[in-house]
Amino acid sequence: MSNKLKYFFYAGISVIAAIFIISASYKYIVYINDYIKSFVIRTFNLYGSFDENVSIISSNYKIYRKTFSNVPDEIFHFANMLFYKGNKDIGFNELSSSLIELTDYYKLNSFKNNLSSKNRSNKNIVNSGELILIEKSLPPFTIDIKKSRAKTIRFTKGLYFSGDRAGSDSFLSKLPELKAAGINAIVFDIKDVTGIVHFKSRVKEVIDYNLSQKGSIDNLPKLIRVCRENGMYTIARMAVFHDQALWASDPSLRIKSKSTGKEWNPKSHELWCDPSNRKVQDYNIALAVEIAEAGVDEIQFDYIRFPTLGDRHDADFAYSDGKMERFEVITHFLQKAHERIAKAGAFLSIDIFGVVAWGKDVDINSTGQQIQLLAEHCDVISPMLYPSHFNDNFDGFRNPGDHPYYFILEGCKKVKSLAGDKAIIRPWLQAFALRTSNFNSAYINEQVRASNDSGAYGYLFWNASNRYTVVFNSSIK
């Protein structure tokens, strides 16, 4: 071979090798580029200065993990098939519950029925040493939902869903429709005011009191994974101190009455655990950290306050960390929670009463929510600025429910003024007809316009029944 041919040969090989290396490294270049932008946005508080999608690591960048690298010895994967062979008898209920996260099943009953139909069993018992075939197992490599979550907070156009709805058979199939409608974030209940924990938690109190028995989300990793595949920012909502199940399970965690020494306000439909009790605080933090470690983008605390109904003067609080003002209790708790949740890799947002934005002492003293202090220990503040929830004649408006633009705009501006640049402001908007004379798509548009005009960074829609037809008919895109 002549020198000239050798030159062209080696040059061609070098070009091919260079193309291969660049192609193989492209996803890492995309990642580094977006990561640098994300760092700049967070460090210098430049939310809104870039295109709203730039703060999220590119959807083309996928971080994968070996699906079966840490499974117990009883489970083994071979040729795209998953098998179980245990050394003790086990029921199908227990087996399906322990294995569902390794499959593409979303509902436990469907998985259990498949296991029992495809494998022989004696009274739904798998005998020791019996080989069990598990259908619809995950592939050997799956997206790592912890490492692929958002690096900065997204400009959210989000909807709230109850745990029951998010855990239903049809929910995941609706996500492409939501995406097409302009929705890019999902808020779903992990623990609502009933105290029901909607996923299989390993937190001690959940196990001891069986608080997840009626939970609806059987396969949390699949929920997060499919949301992420559909471009959805995931927000796990927790009702913190308003917790009926924990109240019923452990009387020592209840607010006490000064006059009777028993539980305070027992006839109320709102059953509150003591916000100043360290055990109550630690339980909620442990649950939040667990769900953060599961891979959600954000934890959202609701009912992070003291109760406002009932005889406040008769309430006797534990004050486990010493006597404090109410706002000091809530701030101290939030500081501890934020540190732990951030370490687990998720963001933390909080819901606050809309009226608190007006900064009246009576509202701050009753709830314990002082925006200036709370903003230092969370990433996002979501004021619940539903116009219908303001009293008649508030700020001179006879029926506040008919003035969505004013209350969203003024509320967001007031919260932003109090929070400074310490936290992002992202309001809850009204997606229900309560105390409005004309609830329609124009009503939704007015709220969105007010939120955008105020400088808020995104918004969330609330409808307790998860009915959002009016939102979809609006121009949120």
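Gly-163 is placed in helix α4 (residues 163-166), where helices (H or I, at least four residues) and strands (E, at least two) are DSSP runs numbered from the N terminus. The model is a predicted one, in which local features need pLDDT of at least 70 and side-chain atom pairs count only at pLDDT 80 or more, whereas totals for chains, interfaces and linings use all residues. Residues are numbered from 1 along each chain as its sequence is written, and side-chain values use heavy atoms, with hydrogens and water left out.

Gly-163 has a relative accessibility of 0% and therefore counts as buried; buried denotes under 20% relative accessible area, exposed over 50%, and partly exposed the range in between (1.4 Å probe, protein chains only). When residues up to four places away in sequence are not counted, Gly-163 touches Asp-189, His-198, Ser-216 and Ile-217, a contact being heavy atoms within 4.5 Å.

One of these partners, His-198, is found in the loop between β9 (185-191) and α6 (204-208). His-198 counts as buried because its relative accessibility is 2%. Its side chain is joined to that of Asp-192 by a polar contact of 3.4 Å, and the side chain of His-198 also reaches the backbone nitrogen of Ser-216 at 3.3 Å. A polar contact is a pair of N or O atoms within 3.5 Å; within protein, one must be able to donate a hydrogen and the other to accept it, and residues adjacent in sequence count only if both atoms are side-chain atoms. With neighbours within four places in sequence left aside, the contacts of His-198 are Gly-163, Asp-164, Asp-189, Ile-190, Asp-192, Gly-215, Ser-216 and Ile-217.

The protein chain as a whole contains 15 helices and 18 strands. Of its 477 residues, 52% count as buried. Among contacts with a separation of 6 or more, 78% are made by residues 24 or more positions apart. The chain exposes about 22,500 Å², of which carbon and sulfur atoms supply 51%; accessible areas come from the Shrake-Rupley method with a 1.4 Å probe, and for residues only the protein chains shown count as cover.

The largest nonpolar core has 114 residues, and those with the most contacts inside it are Phe-188, Ile-299, Phe-301, Ile-341, Ile-381 and Phe-461. Such a core is a set of buried Ala, Val, Leu, Ile, Met, Phe, Trp, Tyr and Cys residues joined through side-chain atoms within 4.5 Å. Helix α9 (residues 278-294) gives the most to this core, contributing eight residues. Beyond its neighbours within four places in sequence, Ile-299 is in contact with residues including Ala-236, Met-238, Ala-288, Ile-291, Ala-292 and Ile-341. A second, separate core of 18 residues includes Ile-75, Leu-99, Tyr-105 and Leu-138.

Helix α14 (residues 441-454) has 14 residues and, at 1.5 Å a residue, should span 20 Å; its end C-alpha atoms are 20 Å apart, which agrees. The expected span is 1.5 Å times one less than the number of residues. Within α14, Tyr-443, Ile-444, Gln-447, Val-448, Ala-450, Ser-451 and Ser-454 are buried. These residues cover an arc of only 160 degrees around the axis, so they lie on the same side of α14; the arc is that of the directions from the helix axis to the C-beta atoms. The cover over the buried residues of α14 includes α13 (404-419), β17 (428-430), β18 (458-462) and α15 (469-472). At the start of the helix, a side-chain oxygen of Asn-440 reaches to within 3.1 Å of the backbone nitrogen of Ala-442. Gly-455, with a positive phi near 90 degrees, follows α14.

Asn-463 is located in the loop between β18 and α15 and counts as buried because its relative accessibility is 10%. A polar atom of the Asn-463 side chain lies 2.9 Å from the backbone nitrogen of Ser-465.

Most residues other than glycine have a negative phi. Tyr-303, which is not a glycine, has a positive phi of about 55 degrees. This residue is placed in the loop between β12 (298-302) and β13 (315-316) and, at 22% relative accessibility, counts as partly exposed. Tyr-319 likewise has a positive phi, near 45 degrees. Tyr-319 lies in the loop between β13 and α10 (326-343) and is buried, with a relative accessible area of 17%.
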